[in-house]
Amino acid sequence: MSQDDRLRLAVIIGSTRDGRFGPTVAGWFTARARRRGDLDVDLIDLAETGLPQTLGDQEGPAPAEVAALAPRLAAADAFVVVTPEYNRSFPAPLKTAIDWYYEEWQAKPVAFVAYGRDSGGLHAIDQLRQVFTELHAVAIRDGVTLPRYWELFAPDGSWPKATAECNTAVRTTLDRLAWWARALRDARARSPYVT
């Protein structure tokens, strides 16, 4: 596959908390994505971006940190948001990061990898679907949920266990995401998306 045919996938770690599990989940997911021959993966850790927590005036210039991340998001053909579920929702820094941008999300697919207690992050995913739909992104149906993710460690300390259901879900999610990314990239090339 030529470099021009490869899809650019931005994987966003949505938690910025101390002691967070997000980097472990994102590391596993990006390793699986990189095994494919059709994806170039850009891992974006919100804890490292330095995005301001307070949104600025839409008419004013973007803060330097916001401007620095914008080209990476704009270049992406697809997104995967890795998020914990806190109190039946997703983290506030993730919402602020999403709200700093608009056109960067439009007419692109978004998949979700969520982790939490018994729901595995389903409440967070449901809310994120609504947010991204409002931003004219396409939230795909398939995703990865990790209920009681702490139970998925193997005896040697590796994560996740080889028998964990998420190992199958990640393949389906990546297949669906790649299909949508290619279809929407072709559509944007034929006719720019206008809101």
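User: Before we look at this predicted model, what does buried mean here?
Analyst: Here the word refers to relative accessible area, worked out with a 1.4 Å probe on protein chains only. To count as buried, a residue has to come in under 20%.

User: With that cut-off, how many residues of strand β3 (residues 78–84) are buried?
Analyst: Take the two sides of the strand in turn. One side has Ala78, Val80, Val82 and Pro84, the other has Phe79, Val81 and Thr83, and all are buried. Strand β3 is mostly covered, and its buried count is seven of seven.

User: Which residue of β4 is the bridge partner of Pro84?
Analyst: Pro84 sits in β3, which pairs with strand β4 (residues 109–116) over six bridges in the parallel sense. On the β4 side, the partner of Pro84 is Tyr115.

User: And which residue in β3 does Ile12 stand opposite?
Analyst: Strand β1 (residues 7–13) runs parallel to β3, and five bridges join the two. Ile12 faces Val81.

User: What is the handedness of the β-α-β unit made by β3, α4 and β4?
Analyst: The unit takes in β3, helix α4 and β4. Its handedness is right-handed.

User: How are helices α4 and α5 oriented to each other?
Analyst: The axes of α4 (residues 92–99) and α5 (residues 122–134) come within 11 Å and cross at roughly 10°. Angles under 35 degrees count as roughly parallel. The two helices are therefore roughly parallel.

User: How many charged residues are in the contact of α4 with α5?
Analyst: From α4 come Leu94, Lys95 and Ile98, and from α5 come Leu128, Val131 and Phe132. By class, that's five nonpolar residues, no polar ones, and for charged, one.

Terms used: Residues numbered from 1 in each chain as written. Predicted model: local features only at pLDDT ≥ 70, side-chain atom pairs only at ≥ 80, totals over all residues. Heavy atoms only, no water. Axes fitted to C-alpha atoms, helices over the stretch in contact; angles between N-to-C directions. Helix = DSSP H or I, 4+ residues; strand = E, 2+ residues; numbered from the N terminus. Parallel < 35°, antiparallel > 145°, perpendicular 65-115°, else oblique. Contact = heavy atoms within 4.5 Å. Nonpolar A, V, L, I, M, F, W, Y, C, P; charged D, E, K, R; others polar. Buried < 20%, exposed > 50% of the residue type's maximum accessible area, 1.4 Å probe, protein only. Pairing = 2+ DSSP bridges. Right-handed = clockwise from strand over helix to strand, strands pointing away.
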